[in-house]
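Hi,

Here is the structure I said I'd pass along.

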Amino acid sequence: ADDLDLEPDGVSAGAYLQAEWELAERLLIQPSLRWDMQDYYLDDGSEHQWSPRLGLAYDLTESSQLRLSVGRFHQPEGVHELQVIDGVSRFYAPQYADQLVAGAEWSGGQLQLTAEVYYKRYRDQKGRYENVFNPFVLLPEMEPDRVSLSPSRAEALGADLDLRGQLGESLEGNLRYSYMDARDRLSGERVDRRWSQQHTVNAGLAWRRGNFTLSLAAIWHSGWRSTLLPSFVPEDVVIPVETVLNNTELRDFFSLDLGARYAWEFPRARLEVYADVSNLTDRKNEAGIDFDVEEADNGYELLPDHETLLGRVPSFGVTLSF
């Protein structure tokens with residue numbers, strides 16, 4: 001068995017250099033380079049990563065701008081992030097992603113509009129552990145549906161559209177739409193990531209008067225991905241995880257949240273009381289599909305059991321900051 005009584009230590013360091021030039025009257029270029037180092041990955045020596053990046057910004061008008069950025073982003077594990085709870089006794093090599101992001105911004109009067117599209121390609125991914133059926137449990141590492149995943153690569157593409165504005169003297173609002181598709185490559189199979197809900201809409205209103213704030217927020221998104229197994233599995237048959245992982249979509253998610261806050265300002269402190277209600281409509285949002293297993297002739301019957309998240313949740317509190 002692996003020795004999980006570990007005391008990893010080491011040094012990590014990083015440096016970032018960025019330049020900025022105005023190539024033309026409205027065109028700005030920003031080349032940059034990041035260097036990172038860790039000495040706790042190898043028994044001797046250390047890991048180094050170089051991450052070149054380039055950004056462009058073009059002012060169409062005084063109130064609108066186009067942006068383009070491309071670059072490489074490394075993500076090493078911190079010395080405190082060793083996954084001992086899943087039985088891991090070594091650090092994974094730093095993973096990295098090549099990213100391309102294009103965006104536009106516009107502001108006019110009391111409104112601001114931002115639009116972005118992106119593409120990300122991941123390489124040297126670290127292994128990870130997921131719960132195949134329901135990750136929303138108190139101790140996911142103790143559940144029997146915990147599996148190890150080692151994707152060879154992954155891709156994500158999407159778009160975001162964000163609108164914000166001042167709707168009145170005390171009222172402001174925001175509306176955001178996002179599209180996203182993220183997939184792993186597992187044993188040659190393209191597999192959707194669990195959190196790859198394709199469509200997401202966030203909307204919010206906030207009314208402020210003096211030290212009092214009243215807010216209403218709504219979120220809707222396509223259902224999370226989950227794993228649906230066949231109703232019957234013959235004896236001695238093994239189902240490869242990559243052939244069924246995240247092969248179905250749960251019901252759409254929706255939550256309406258209400259919040260109220262009042263604050264008192266003191267010379268050296270701030271006192272705030274709040275009252276919130278999450279999931280005001282008490283919607284039964286699906287979290288995953290568990291399975292009950294029953295023995296049958298020459299195999300096993302699998303009976304799906306749809307699990308849901310918490311319903312309506314009120315909360316009250318007081319915060320003191322100084």
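A quick definition before the strands: two strands count as paired if DSSP finds at least two bridges between them. Bear in mind, too, that this is a predicted model.

I began with S11, which covers residues 171-186. S10 (residues 153-166) runs antiparallel to S11, and 14 bridges join the two. One of the pairs puts Leu161 with Tyr177 in S11 as its bridge partner.

Asp184 has Val191 in S12 as its bridge partner. The hairpin of S11 and S12 has two residues between the strands, and Ser187 takes a positive phi near 50° in that hairpin.

The residue I kept coming back to is Arg193. Where does Arg193 sit? Its place is the loop between strand S12 (189-192) and strand S13 (199-209). And is Arg193 buried or exposed? Its relative accessible area is 12%, and the cut-off for buried is under 20%, so Arg193 counts as buried. Leaving aside neighbours within four places in sequence, Arg193 is in contact with Gln125, Arg128, Ala154, Ala182, Arg183, Asp184, Arg225 and Asn246. Asp184 in that list is the residue whose bridge partner in S12 is Val191.

Cheers

Technical notes:
Residues numbered from 1 in each chain as written. Predicted model: local features only at pLDDT ≥ 70, side-chain atom pairs only at ≥ 80, totals over all residues. Heavy atoms only, no water. Helix = DSSP H or I, 4+ residues; strand = E, 2+ residues; numbered from the N terminus. Buried < 20%, exposed > 50% of the residue type's maximum accessible area, 1.4 Å probe, protein only. Contact = heavy atoms within 4.5 Å.
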